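Subject: Structure for your study

Dear colleague,

Please find below the structure that I am handing over to you. My notes on what was found follow it.

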Amino acid sequence: MEFPTALVLNAIVAGLLLGGFYAAVSVGISISFGMLDVVNIAHPAFIIVGSYIAYIVNARLGVDPILVSVVLSPLLFALGMLIYRVYYVCFERRGQEALRGLAFFFGILFITEVTLVLIFGVDYRLVETSYSSVTLRLGAIDFPLRLVVPFAVSIAMVVGIQIFLARTFFGRAVLGVAQDQLALRLMAIDPVRVKELAFALSIATAGVAGAFLIVIQPVQPSIGREYIGLVFAVCVLGGLGSIWGTLLGAFILGLAESFTSTFFGPSWAPAVSFGILLAALAFRPSGLLGR
Amino acid sequence: MAAEPQSQAMSEPLLKVTGVTKRFGGFTALEQVDLSVARGERLGLIGPNGSGKSTLVNCISGTLRNEEGSIRFAGHDLGREPPHRRVRLGLARSFQIPKPFGSMSVLDNLRIPLLYAARKHGKLGPGQIVDEAMNVLRQVGLQDKAHAMSGGLTQVDMRKLELARAVAARPALLISDEAMAGLSASEVDDMLALLLTLKERGVAVIMIEHVMRAVMKFSDRIAVLVAGRKIADGDPQSIVNNAEVVTAYLGE
Amino acid sequence: MRNRTFAVVTFAIAIALIAATRLITNDYVFSAAYTVLQFIVLATAWNILGGYTGYVNFGSAAFFAVGAYTTVFLNKSLHLPLPALIATGTIVAGLLGLGVGYLTLRMRGVYFAIATLALAVVLFTFVVNWDYVGGARGAYILQPREVPFGFPRYVHLLYATMVLMAAFALVVARAIERSFIGRGLAAIRDDEVAAECAGVPTLRLKLFSATVSGALMGMAGTTLPLYLSYVEPTAAFNLSYAVNSIAMPLIGGMMTWLGPLIGAVLLGTVQQVVQVTVSSEWNLFIVGVLLVAFVTLAPNGIMGWVDAWRRSRSHRP
């Protein structure tokens with residue numbers, strides 16, 4: 001049998017495009033879990049919320065969903081601040097974050113999903129954009145724009161965040177809070193405030209990533225749960241606290257899923273991300289580029 | 001882990017730390033540290049903040065693993081033994097920042113080492129455990145608070161509980177990690193008195209402290225750690241007169 | 001009360017509950033009771049690892065489903081009798097708990113929690129793709145025609161089994177809680193490093209806890225296929241199992257065997273009522289809200305209130 005070049009090339013391209021998107025989806029966890037040590041397993045719920053917000057505005061006003069999500073990101077930012085406040089007061093301050101904090105976020109995840117079901121039902125929703133059905137062709141390789149556009153914006157967002165964290169004062173404060181809270185206090189910076197804003201940022205990125213998601217595929221409330229494994233797999237594999245690590249982990253995962261889907265069928269795809277996560281946790285929990 | 005023949009065990013010190021090195025990424029916390037403690041000996045371990053004292057304690061107790069060097073205790077090479085096995089061999093420690101079992105009463109806190117660490121001395125029946133626990137509590141002066149929740153104790157009492165928990169494990173060597181930090185003069189005296197009683201029962205003690213008068217009063221011997229290296233090791237007077245030690249401390 | 005006495009009393013109550021079935025003619029009551037009993041087992045099992053040891057398991061559904069699908073597999077391949085099905089499913093689920101625990105319990109509790117989430121999805125995907133047990137379409141199980149022990153219908157036998165399982169789970173949980181193992185687990189929960197340095201063999205105890213917890217959760221699932229006569233992945237891996245097995249101990253109180261029992265009975269009953277009067281989505285919504293409300297405002301649950309009240313009234317020396 002001749003080597004299925006076209007198939008492999010397409011799988012690679014699809015994997016990379018998906019990988020970029022996965023990075024956008026996971027960068028929030030890289031911040032909240034990798035740097036702030038907050039196990040926000042409800043992160044995917046906010047992605048889905050972002051998807052639905054984009055969906056509603058797109059359906060009513062016809063505006064491009066990605067544009068919508070960027071414009072409305074302050075909403076999710078504010079929501080993130082609120083949630084962190086509650087988390088901090090109820091759990092982190094009391095040292096209960098391990099058990100109860102986890103249960104708290106799990107509850108949030110759950111409530112969000114069920115609320116979406118109550119409001120929107122379990123049907124798949126999708127958006128129509130000007131590029132939804134456009135596919136560029138380069139030789140034997142397909143570049144569906146519904147993957148390319150989110151990919152481009154994802155990479156821009158992730159790289160932008162990395163630059164923000166490395167170059168700005170606030171960004172470095174976030175990196176500092178991960179390592180030495182005392183030092184921050186000595187510089188008259190309130191670590192709690194820094195964490196609050198950083199967490200809010202992570203939620204905002206989730207919302208924006210949600211718009212990417214609904215451009216790529218139809219969305220229904222329970223999809224969030226499938227992404228839990230994915231975002232943690234990406235961050236653990238890449239190394240917690242490293243944005244470049246998240247990018248690397250995302251590409252690896254995207255490629256793994258793409259190849260599994262192409263050669264074994266799409267129904268095995270969810271097992272890939274979770275399988276990689278389990279393997280990473282068992283054998284190399286510090287990740288590839290971890291701190 | 002085979003025990004050495006009797007004669008060697010008698011002449012070998014109780015604790016023998018040889019060439020221990022511990023790195024965290026690019027930072028070397030401990031560099032080729034040698035230390036030994038004889039049975040019943042009282043060793044003071046001093047050094048500026050960040051010199052690696054707690055890291056050394058963690059390596060000895062097993063909560064951290066040293067990259068190089070060996071640690072021998074009671075004739076056994078501790079190797080990769082987990083902390084709980086080291087405790088059962090007779091090596092107990094207290095924590096600098098007290099770590100009480102917050103959901104339990106003071107008395108119940110002591111049940112844990114009595115049930116798990118002290119077992120090698122013979123399994124204790126339930127009545128015996130309470131008696132033994134009360135015994136230890138009396139030694140630290142916490143007998144009146146036996147049924148109080150450990151999470152709500154004062155700082156001083158928590159430190160005493162830390163020590164009590166270590167004592168309850170019936171150790172041959174007890175490492176006390178800055179138990180007196182931030183205490184008032186009379187509280188320091190209380191702790192000191194308690195630690196001194198251990199000598200009477202033949203328990204060796206490594207005391208890590210910054211409170212110099214306690215260290216001077218307590219120790220048979222003092223070792224000094226600076227930036228991960230041991231720079232001095234000898235009787236208290238010679239340490240106090242050691243120029244290098246004085247420089248390292250600069251006013252402490 | 002000694003463990004033996006407690007066991008006798010519990011099983012006596014169980015027998016009474018089973019005998020009471022003769023008097024009940026309403027099928028719905030059975031179904032509701034079966035569900036609540038199932039939750040008693042799940043909540044109690046979860047709490048052994050969650051409340052006693054402090055390690056959160058988000059994948060209860062995975063262990064439950066393993067019990068269910070072991071039954072499906074064995075029923076189809078070997079036609080084993082009920083006790084064998086239950087025993088095997090329990091053991092398989094226990095081994096799964098041991099295996100997952102061995103891989104992840106050496107790290108922080110957070111990683112264990114995430115791994116359990118991952119486990120549920122991986123197993124779900126695996127089952128969906130496994131045609132022998134029905135895959136996505138599901139599998140049909142025929143209830144045996146002859147009903148032993150003189151029960152009028154097979155469903156009554158399953159109900160009786162569930163009552164005994166609940167009793168068994170409670171006895172086991174209480175025995176562990178009051179033993180030296182239970183104290184060791186509590187020490188691990190309160191401060192694992194301190195526990196280890198006090199001589200507690202933390203890894204061994206955690207593995208024990210994970211194994212028992214997983215086994216009991218699997219046990220709860222073993223009779224599901226026979227009860228429904230049909231099982232398919234989304235039902236067996238239903239998220240409601242995961243949420244409820246966390247919410248019930250949390251609401252009832254995680255420190256003691258009584259908490260999950262109270263939580264399961266209260267929350268289970270509330271859910272049955274809501275499900276019938278409103279809808280199953282609202283049902284889940286309420287569970288989620290209660291979970292968040294309790295974990296933020298009353299983290300020690302109902303038993304926590306009871307304890308605090310008792311302590312404020314006692315005058316201990």
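Helices (H or I, at least four residues) and strands (E, at least two) are DSSP runs, numbered from the N terminus.

This is a predicted model, in which local features need pLDDT of at least 70 and side-chain atom pairs count only at pLDDT 80 or more, while totals for chains, interfaces and linings use all residues. Residues are numbered from 1 along each chain as its sequence is written, and chains are lettered from A and ligands numbered from 1 in the order in which they are written.

Chain A contains 11 helices and 2 strands. Along the sequence, their order is α-α-α-α-β-β-α-α-α-α-α-α-α. The C-alpha atoms of chain A occupy a box of roughly 65 × 45 × 35 Å along the principal axes. A compact globule of 291 residues would have a radius of gyration near 19 Å, and chain A, with 19 Å, agrees. This radius is taken over C-alpha atoms, and the globule rule is 2.2 Å times the number of residues to the power 0.38. Of the 291 residues in chain A, 51% are buried, that is, 20 or more other C-beta atoms, placed from the backbone, lie within 10 Å of the residue's own.

Chain C has 15 helices and 2 strands. Its C-alpha atoms fill a box of roughly 60 × 45 × 40 Å, again along the principal axes. For 317 residues, a compact globule would have a radius of gyration near 20 Å; the 19 Å of chain C agrees with this. Buried residues account for 54% of the 317 residues in chain C.

Chains A and C also meet: 34 residues of chain A are in contact (C-beta atoms, placed from the backbone, within 7 Å) with 33 residues of chain C. On the side of chain A that touches chain C, α3 (65-92), α4 (97-120), α9 (223-238) and α11 (269-283) of chain A each supply at least two residues. The most comes from α4(A), with 15 residues. The residues of this side of chain A comprise 26 nonpolar, 6 polar and 2 charged. Here Ala, Val, Leu, Ile, Met, Phe, Trp, Tyr, Cys and Pro count as nonpolar, Asp, Glu, Lys and Arg as charged, and the others, Gly among them, as polar.

Yours sincerely

Definitions and conventions
Two residues are in contact if their C-beta atoms, placed from the backbone, lie within 7 Å. A residue is buried if 20 or more other C-beta atoms lie within 10 Å of its own, exposed if 12 or fewer, and partly exposed in between; C-beta atoms are placed from the backbone.
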